[in-house]
Amino acid sequence: IRAIQSGHKETEVVLYPTPDGAALWMELTAYPLIDEAGQVTGVIEFSKNVTEYKQTEAELRTSDRKLSAAMKIAKLGYWELDVRRNLFTFDDHFYAIFRTTAEEVGGYTMSPQDYARRFMFPEDVQLVVDETQKALAATDPDYSARLEHRIRYADGEIGYIAVRYFIIKNERGE
């Protein structure tokens, strides 16, 4: 009906009960048929069973909540360095380790230079740069290493962090 009213393709996902008491998630897509005068004269509708997708999506959300809880309990943070864009992406747990939040810092991404300026102990920056270069030069697709260095918390205190990192390369080895 919305496709008739809007004159545009409309898609929605709805839950349909089945005769056996189960339910199916169906994706319904309606395409309006429009005549030469621009009037909607009918609708063609396609339906697709997306129940398995919806179940997988729900399982993924549950798994994500469990992983997030485990990371919080273990005081683990996540970060990723996109070497093409020269940009770190951090998660909320990472910022919690540094006694701050993404909102206070200005977002979930920052350059390595900004990260070093804000959070690294100045005398340990070169150590981290050297380790990063070593990791980027690695040819082993399963390369992983551990590094410990001093950090500066957002409140100015000095601490230590142990980092376990893995290199992810594409099929061209980049």
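Trainee: How many salt bridges does the count come to?
Mentor: This is a predicted model: local features need pLDDT of at least 70, side-chain atom pairs count only at pLDDT 80 or more, and totals for chains, interfaces and linings use all residues. Residues are numbered from 1 along each chain as its sequence is written, and side-chain values use heavy atoms, with hydrogens and water left out. A salt bridge here is a side-chain nitrogen of Lys or Arg within 4 Å of a carboxyl oxygen of Asp or Glu. By this rule the count is 9.

Trainee: Which residue does D155 form a salt bridge with?
Mentor: Look for a pair whose closest N and O atoms are 3.1 Å apart. The two ends come from distant parts of the chain, 56 residues apart: D155 is in the loop between β7 (144-152) and β8 (158-166), and its partner is in the loop between α3 and α4. Helices (H or I, at least four residues) and strands (E, at least two) are DSSP runs, numbered from the N terminus. The partner of D155 is R99.

Trainee: Is R99 buried, partly exposed or exposed?
Mentor: Buried means under 20% relative accessible area, exposed means over 50%, and partly exposed is in between (1.4 Å probe, protein chains only). D155, at 46%, is partly exposed. R99 has 39% relative accessibility, so it counts as partly exposed.

Trainee: What is the phi of R99 near?
Mentor: Most residues other than glycine have a negative phi. R99, in the loop between α3 (92-97) and α4 (102-105), has a positive value despite not being glycine. Its phi is near 60 degrees.

Trainee: In which loop is N86 found?
Mentor: N86 also has a positive phi, of about 55 degrees, although it is not a glycine. At 35% relative accessibility, N86 counts as partly exposed. R85 is in that loop too and counts as exposed at 53%. You'll find N86 in the loop between β4 and β5.

Trainee: How far apart in space are R85 and S111, C-alpha to C-alpha?
Mentor: In sequence, R85 and S111 are 26 residues apart. In space, their C-alpha atoms are separated by 8.9 Å.

Trainee: What is the order of the 3 strands in the open sheet?
Mentor: Two strands pair if DSSP finds at least two bridges between them. The pairing in this sheet is antiparallel, and the strands run in the order β4-β5-β6. β4 (79-82) and β6 (109-110) are at the edges with a single partner each, so one side of each has no neighbour in the sheet. That leaves the order as β4-β5-β6.

Trainee: Which residue in β6 is the bridge partner of F88?
Mentor: Strand β5 (residues 87-90) pairs with β6 in the antiparallel sense, over 2 bridges. Across from F88, the partner in β6 is M110.

Trainee: How far does helix α2 reach from its first C-alpha to its last?
Mentor: Helix α2 (residues 51-74) has 24 residues. The expected span is 1.5 Å times one less than the number of residues. The helix comes close to its expected 34 Å, reaching 34 Å.

Trainee: Which residue follows α2?
Mentor: It's one with a positive phi, near 55 degrees. The residue is K75.

Trainee: Which residue in contact with D124 also meets it in a salt bridge?
Mentor: D124 is buried, with a relative accessible area of 9%. Leaving aside neighbours within four places in sequence, D124 is in contact (heavy atoms within 4.5 Å) with H149 and R150. The salt bridge, at 2.8 Å from N to O, is with R150.

Trainee: What is the area of the nonpolar surface patch?
Mentor: Patches take residues with over 30% relative accessible area and no salt bridge, joining like charges within 9 Å and nonpolar side chains (Val, Leu, Ile, Met, Phe, Trp, Tyr) within 5 Å. Areas come from the Shrake-Rupley method with a 1.4 Å probe; for residues, only the protein chains shown count as cover. I44, in strand β3, is partly exposed at 39%. Together, Y31, L33, I44 and F46 make a patch of about 360 Å².
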